[in-house]
Number of protein chains: 2
Amino acid sequence: MNTVAIAGVGLIGGSFALALRKAGFQGTIIGVSSPATVQKALSLGVIDEAMPLAEAVSAADLVYLAQPISQILETLDVLDTDALVTDAGSTKAVICDRARRLKRFVGGHPMAGKESRGVEHADADLFRGRPYVLTMHEPQLETWIARFGARLVILDPAHHDQQVAFASHLPQLLSTALAGILAGKEQVAGPAAADLTRLALSPYDIWRDIFATNAEPIDAALRDFIARLEQVRKQLRSSELELVFSQAADAARALRRFR
Amino acid sequence: MNTVAIAGVGLIGGSFALALRKAGFQGTIIGVSSPATVQKALSLGVIDEAMPLAEAVSAADLVYLAQPISQILETLDVLDTDALVTDAGSTKAVICDRARRLKRFVGGHPMAGKESRGVEHADADLFRGRPYVLTMHEPQLETWIARFGARLVILDPAHHDQQVAFASHLPQLLSTALAGILAGKEQVAGPAAADLTRLALSPYDIWRDIFATNAEPIDAALRDFIARLEQVRKQLRSSELELVFSQAADAARALRRFR
C-alpha cells in the first residue's frame with residue numbers, strides 16, 4: 001500500500017490519517033475535502049497532498065470515505081476505481097448496496113467519536129480500544145485496524161444496522177424524547193435526568209442521514225422498546241420488577257466489561 | 001430548637017445531622033437506628049446520643065424521619081408527639097396522608113444522594129446546591145434549608161410525586177429497560193449505551209418502596225413517554241424530527257442551567 005486517498009478530512013478521516021502514520025504507514029496520504037479543510041489538514045501535517053476526488057482516487061491503492069453518509073452515497077455513484085474502497089459511515093446497508101458496482105468495496109464503521117468535530121481534533125488514538133466494524137473480512141484493512149489498537153467486529157450490513165439501531169440510535173431517541181418531556185419540569189430534576197438527557201444535546205445534522213438510511217431497524221428497535229415499557233407498566237405493582245432490575249444491572253455491567 | 005431526633009442515621013439522616021452542625025446548630029442530636037449504625041454514627045461524631053424512638057421523640061423539638069419509605073410509614077403509625085415532624089422520603093402523597101394524625105407534619109424530599117450509602121458517607125454539604133422539596137411552607141425548616149445552601153422548592157404532595165415520576169422514576173425505568181434490551185448486543189455498544197444504562201446499575205431495594213407508593217404517577221409518565229415514542233416512530237422518515245431534536249436540546253440545556 002503506497003497511496004491512500006481520504007475523502008472527507010474531518011475528525012474521522014483526519015484520525016484515520018494520523019492513525020495510519022502512527023501505525024507505520026510510509027506512503028502518501030492524499031486528502032479530498034473543501035478548500036478550507038484541506039488547508040487546515042495540510043498545515044497540521046495530517047495529509048501530504050490535496051487533490052480533487054478523481055485525481056486522488058486514480059493515484060490511490062486505498063480509498064477511505066469519511067464523509068457524511070449522504071456524501072458517501074454521492075461519491076460512490078461517481079467513483080471509478082479498481083482500488084480497495086472502504087468507508088466510515090454509521091449505517092451500512094444502504095451504503096454497501098450503493099457500492100455494489102465497485103470491484104473491491106468493504107463497508108466500515110469505526111465506532112469512535114468525540115464531542116468536538118473537525119480535523120483540528122483528529123487523534124491518532126481515536127480508534128484505540130473501540131469497536132471497528134467491517135462488513136466482511138479484508139486482510140489489509142484488518143492489519144491496520146489491529147495496529148490502531150481497535151477491536152475488529154465483522155458484521156454483515158443488515159446485522160450491523162440492526163445492532164446500532166439498538167445500541168446507538170435507540171439511546172439517542174430515548175434521550176431526545178426524555179428531554180422533550182421534561183421541558184418545564186426542571187425544578188426537581190437531578191443527576192438521573194442529567195445523565196439521560198446528555199445525548200439530547202447532540203446536533204440533528206449527523207442524525208438526518210442516519211434516520212434516512214436506517215429507518216426500518218430503528219423503527220423495529222422503538223417497537224421493541226415500547227413493548228418493554230408496556231410490560232414494565234404491568235409489572236409496576238408486582239414484585240416481578242425485582243428480576244427485571246437485576247437482569248438489567250447484569251446487562252449494564254456486561255456492557256461495561258466489553259468496552 | 002434544642003433537640004433533634006433523627007430516625008434512620010444513614011447517608012441522608014447522617015448528612016442532615018452534619019449539615020445542622022455546620023449551619024450552627026448548638027443543641028443535641030439524637031440518633032435512632034440499628035445498634036450497628038448507631039455505634040458508627042456515635043464514633044464518627046455524627047450524633048450526640050442514641051435512644052429508642054419513643055424516648056428520642058419525647059425529648060425532641062424536631063423529628064427527622066430519614067428511613068426507607070416503608071419504615072417511615074411504620075414510624076408515622078406509632079409516632080406520638082406535638083413536635084415538628086418532617087421526613088426525607090422520595091415520594092410524598094402516601095407519607096403525607098399517613099401523617100395526617102400528627103399535629104405538625106411537613107413532608108420533605110432532599111433531592112440529593114451519592115452512589116455510596118451509609119452514615120460513613122454522610123456529608124455536611126450533601127444538600128448544597130440541590131433542590132430540597134417541602135410540601136408546605138414551614139419557617140424553621142426553611143431557615144435550615146437556606147443555611148444548608150439547598151434550593152427550596154415548595155410542592156404539594158401530589159404535584160411532587162408527579163414531577164419526580166417524570167424527572168427521576170421515568171429515567172430509572174428507561175435505563176433499566178434499555179439495559180435489558182441491550183443484553184447480548186454488547187459488541188457495538190459505545191458511549192451512548194454506557195451513558196443511558198448507568199442508572200440501570202442501581203439496586204432494586206430503594207425502588208421497591210418508590211414503586212409501591214408512586215405507581216399511578218409513574219404509570220402516567222410511562223404512558224406519556226410511550227406516546228412520544230410512537231410519535232417519533234411516525235416522524236422517523238420526515239423532517240419533523242429536526243424540530244423535535246432542537247426543542248429537546250433546548251430542554252436539556254435548561255435542565256443543566258437549573259442545576
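**Chatting through a two-chain model**

Reader: Hi! How many bridges join E7(A) to strand E8 of chain A?

Author: Three bridges join E7(A) to strand E8 (residues 131-134) of chain A, and these strands run antiparallel. Strands here are DSSP runs of type E with at least two residues, helices are runs of type H or I with at least four, and both are numbered from the N terminus. Two strands pair if DSSP finds at least two bridges between them.

Reader: Thanks! Before we go on, what kind of model is this?

Author: This is a predicted model, where local features need pLDDT of at least 70 and side-chain atom pairs count only at pLDDT 80 or more, while totals for chains, interfaces and linings use all residues. Residues are numbered from 1 along each chain as its sequence is written, and chains are lettered from A and ligands numbered from 1 in the order in which they are written.

Reader: And what pLDDT does chain A average?

Author: Chain A averages 95, with 99% of the residues scoring at least 70. pLDDT is the predictor's confidence in each residue, from 0 to 100. The model also scores ipTM 0.91 and pTM 0.92.

Reader: Back to E8(A): which residue there is the bridge partner of A:Pro110?

Author: That is A:Tyr132.

Reader: What is the order of strands in that open sheet?

Author: The sheet has three strands in the order E7-E8-E9 (chain A), with mixed pairing. Strand E7 (108-110) and strand E9 (151-154) of chain A stand at the edges with a single partner strand each, so one side of each has no neighbour in the sheet.

Reader: Now chain B: what order does the open sheet of six strands have?

Author: The order is E3-E2-E1-E4-E5-E6 (chain B), and the pairing is parallel. Strand E3 (49-50) and strand E6 (105-106) of chain B are at the edges, each with a single partner strand, so one side of each is left without a neighbour in the sheet. Strand E5 (residues 84-87) of chain B pairs with E6(B) over two bridges, in the parallel sense. There, B:Val85 has B:Phe105 in E6(B) as its bridge partner.

Reader: What rotation superposes chain B on chain A?

Author: A rotation of 180 degrees, with 0.0 Å of shift along its axis and an RMSD of 0.0 Å. That is the relation of a two-fold axis. In chain B, the C-alpha nearest the axis belongs to B:Leu196, 2.8 Å from it. The copies are superposed by least squares on the C-alpha atoms of residues with pLDDT of at least 70 in both.

Reader: Why do the copies meet through the same surface?

Author: Because 100% of the interface residues of chain B are also interface residues in chain A.

Reader: Last one: what does the domain assignment of chain A give?

Author: It gives domain 1 (3-155) and domain 2 (158-258), with bounds from an automatic or database domain assignment. Taken over C-alpha atoms, 30 Å separate the centres of domain 1 of chain A and domain 2 of chain A. Their contact takes 12 residues from domain 1 of chain A and 10 residues from domain 2 of chain A.

Definitions and conventions
Contact = placed C-beta atoms within 7 Å.
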